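Please read it alongside the sequence and the three-dimensional view.

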Amino acid sequence: MGVVVLGWDFNAAFALGDAMGLDRLTIVELLPDIEAVAIRHINERAQGSDDP
């Protein structure tokens, strides 16, 4: 089966957003949707099912 990514470290995401000067409410609103799409693509590529 290999490597499977389950999710992102949101503490790290908040720290990165803070360092970039992003509003936390914006991070809270956008990050879950971005994470879902990114995780799906990461896992597809890890399993070799994503055609380049």
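In which helix is the place of E35? E35 has its place in helix α2. The model is a predicted one, in which local features need pLDDT of at least 70, side-chain atom pairs count only at pLDDT 80 or more, and totals for chains, interfaces and linings use all residues. Residues are numbered from 1 along each chain as its sequence is written, and side-chain values use heavy atoms, with hydrogens and water left out.

- E35 is buried and has no salt bridge; buried denotes under 20% relative accessible area, exposed over 50%, and partly exposed the range in between, with a 1.4 Å probe and protein chains only.
- The nearest side chain of opposite charge to E35 is R40, 11 Å away; Lys and Arg count as positive and Asp and Glu as negative, while His and the chain ends are not counted.
- A polar atom of the E35 side chain lies 2.7 Å from the backbone nitrogen of W8.
- With neighbours within four places in sequence left aside, E35 is in contact with G7, W8 and F10, where contact means heavy atoms within 4.5 Å.

- W8 is found in the segment before α1; helices are DSSP runs of H or I with at least four residues, strands are runs of E with at least two, and both are numbered from the N terminus.
- W8 counts as partly exposed because its relative accessible area is 33%.
- Apart from neighbours within four places in sequence, W8 is in contact with L31, I34, E35, A38, I39 and I42.
- The C-alpha atoms of W8 and L31 are separated by 9.6 Å, the two residues being 23 residues apart along the chain.
- Together, W8, L30, I34 and I42 make a nonpolar surface patch of about 350 Å².
- Patches are made of residues with over 30% relative accessible area and no salt bridge, with like charges joined within 9 Å and nonpolar side chains (Val, Leu, Ile, Met, Phe, Trp, Tyr) within 5 Å.
- Accessible areas come from the Shrake-Rupley method with a 1.4 Å probe, and for residues only the protein chains shown count as cover.
- I42, a member of this patch, lies in helix α2, which covers residues 24–46.
- The relative accessibility of I42 is 38%, so I42 counts as partly exposed.

- V5 counts as partly exposed because its relative accessibility is 25%.
- Residues up to four places away in sequence not counted, V5 touches I39, I42 and N43.
- N43 belongs to helix α2 and, at 13% relative accessibility, counts as buried.
- The contacts of N43, leaving aside neighbours within four places in sequence, are V3, V4 and V5.

- R24 and D18 form a salt bridge through their side chains, at 2.7 Å from N to O.
- R24 counts as partly exposed because its relative accessibility is 43%, and D18 counts as partly exposed at 39%.
- D23 is in the loop between α1 and α2 and is partly exposed, with a relative accessible area of 47%.
- The C-alpha atom of D23 is separated by 26 Å from that of V5, 18 residues apart along the chain, and by 21 Å from that of G7, 16 residues apart along the chain.

Key. A salt bridge is a side-chain nitrogen of Lys or Arg within 4 Å of a carboxyl oxygen of Asp or Glu. A polar contact is a pair of N or O atoms within 3.5 Å; within protein, one must be able to donate a hydrogen and the other to accept it, and residues adjacent in sequence count only if both atoms are side-chain atoms.
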